[in-house]
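Subject: A structure for you to explore

Hi there,

Here is the structure I promised to hand over to you. Have a look at it first, and then read on for what turned up in it.

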Amino acid sequence: MAATGAAPFVDFQDVWLAYNEELLAQNHFAVEAIDLQVQRGEFIAIVGPSGCGKSTFMKLTTGLKMPSMGKIRIDGQPVTGPLKISGMAFQAPSLLPWRTTVDNVLLPLEIVEPYRSSFKARRKEYVERARKLLQKVGLAGYEDKFPWQLSGGMQQRASICRALIHEPKMLLLDEPFGALDAFTREELWCILRDLWTEQKFNVILVTHDLRESVFLADTVYVMSKSPGRFVVKREIALPRPRELELTYTKEFTDIVLELRGHIGAIRNTGISAAATAAAVAS
Ligand SMILES: Nc1ncnc2c1ncn2[C@@H]1O[C@H](COP(=O)(O)OP(=O)(O)OP(=O)(O)O)[C@@H](O)[C@H]1O
């Protein structure tokens with residue numbers, strides 16, 4: 001899976017974030033003491049109770065937010081602003097309504113250098129790339145449709161293609177399948193797993209679906225709240241590629257229940273982040 005011994009692809013060193021100066025003055029952090037190293041090609045998932053700081057962690061990883069304290073390096077470089085080496089997909093697919101599927105997928109190439117400057121000259125090649133990706137996610141035949149002609153699951157497939165069109169080194173997914181029915185969700189897990197196996201980008205997935213985290217990720221991190229802090233690191237040593245049947249085995253269910261137990265403890269007993277961190281091996 002991930003390369004070992006090399007410098008981590010994502011490297012958080014004691015990162016803290018308060019959302020503004022006033023909160024910082026009150027020592028009110030949204031996330032604290034984030035130490036996290038993700039190896040090149042690794043697929044990680046982040047789970048935790050609502051409001052614990054998962055999206056805040058994503059904002060830091062994309063460079064949309066800068067830490068109040070601590071250091072972040074991605075692909076060996078300090079993060080100083082919004083990153084272009086990542087693709088992103090969120091719970092709402094947010095396709096532009098006046099663009100066809102293929103034109104929505106092409107959007108990052110019109111915006112991100114080095115593609116932007118050559119976009120017009122290479123449009124034909126890029127359209128071909130977009131069509132191939134759409135085919136892989138089962139959207140062949142829908143390239144020229146508009147978002148309102150697609151189901152929610154289809155729009156989410158297109159948004160994953162849009163996130164991958166500029167061949168990013170890292171894919172950031174914040175609850176991308178949360179609004180979909182169980183069958184579509186499982187189908188998209190398999191599509192995402194196949195794309196990842198083929199292209200080997202890093203993935204950081206935020207999800208409330210523990211089965212999803214265990215099915216997809218190499219490592220699952222549990223975040224506790226107030227402020228958000230990683231308190232559990234669970235490596236998932238299940239066979240790859242993962243088949244859906246695996247999700248019905250005892251081993252799989254035991255890991256899901258173990259993670260559920262950690263989140264239940266954080267939610268129900270009000271265990272503070274520091275106490276949980278001390279109690280649970282990382
Ligand atoms: N722009 C902001 N300004 C101030 N506080 C914020 C801002 N965005 C988030 N927060 C606070 O930071 C904390 C973490 O929020 P975040 O959205 O990262 O949680 P989350 O784990 O992603 O939640 P959910 O699972 O519900 O999406 C919360 O207490 C939230 O109120």
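To begin, a term for how covered a residue is: a residue is buried if 20 or more other C-beta atoms lie within 10 Å of its own, exposed if 12 or fewer, and partly exposed in between, with C-beta atoms placed from the backbone. By that rule S226 is partly exposed, because 17 other C-beta atoms lie within 10 Å.

Please keep in mind that this is a predicted model: local features need pLDDT of at least 70, side-chain atom pairs count only at pLDDT 80 or more, and totals for chains, interfaces and linings use all residues. Residues are numbered from 1 along each chain as its sequence is written.

Helices (H or I, at least four residues) and strands (E, at least two) are DSSP runs, numbered from the N terminus. S226 sits in the loop between strand 9 and strand 10. Although S226 is not a glycine, its phi is positive, about 55°. As background, most residues other than glycine have a negative phi, and most peptide bonds are trans. The bond that joins S226 and P227 is cis, with omega about -10°. P227 is in the loop between strand 9 (219–224) and strand 10 (229–235).

There is another cis peptide bond from R240 to P241, with omega near -5°. You will find P241 in the loop between strand 10 and helix 8 (250–268).

K200 is not a glycine either, yet it has a positive phi of about 60°. Its place is the loop between helix 6 (182–199) and strand 8 (202–206). K200 counts as partly exposed because it has 16 C-beta neighbours inside 10 Å.

**The ligand**

Which residues surround the ligand? They are Y19, A30, G48, S50, G51, C52, G53, K54, S55, T56 and G228. Being near here means that the C-beta atom of a residue, placed from the backbone, lies within 6 Å of the molecule or strand in question. By class, this shell has three nonpolar, seven polar and one charged residues. The classes work like this: Ala, Val, Leu, Ile, Met, Phe, Trp, Tyr, Cys and Pro count as nonpolar, Asp, Glu, Lys and Arg as charged, and the others, Gly among them, as polar.

**Two domains**

The protein chain is assigned domain 1 (1–85 + 169–177 + 202–282) and domain 2 (91–168), with bounds that come from an automatic or database domain assignment. Taken over C-alpha atoms, the domain centres are 28 Å apart. Domain 1 gives nine residues to the contact and domain 2 gives six residues; two residues are in contact if their C-beta atoms, placed from the backbone, lie within 7 Å. The side of domain 1 that touches domain 2 has five nonpolar, no polar and four charged residues.

Is helix 5 mostly covered or mostly open? It is mostly covered, with eleven of its 13 residues buried. Its cover includes strand 6 (86–90), helix 3 (101–111), helix 4 (119–136), strand 7 (170–174) and helix 6. The expected span of a helix is 1.5 Å times one less than its number of residues. Helix 6 has 18 residues and reaches 26 Å from its first C-alpha to its last, close to the 26 Å expected.

A nonpolar core is a set of buried Ala, Val, Leu, Ile, Met, Phe, Trp, Tyr and Cys residues joined through C-beta atoms within 7 Å. The largest one has 70 residues, and I46, V105, C161 and V220 touch the most other members. Helix 5 gives the largest share of this core, six residues. Domain 1 and domain 2 both give residues to it, so the core lies between them. Not counting residues up to four places away in sequence, C161 touches V105, A130, L133, L134 and V137.

F57 is in helix 2 (residues 54–62) and counts as buried, with 27 C-beta neighbours inside 10 Å. Leaving aside neighbours within four places in sequence, F57 is in contact with V31, I34, I46 and G228.

M88 is found in strand 6 and is buried, with 21 other C-beta atoms within 10 Å. Apart from neighbours within four places in sequence, M88 is in contact with T62, A163 and L172.

Enjoy exploring!
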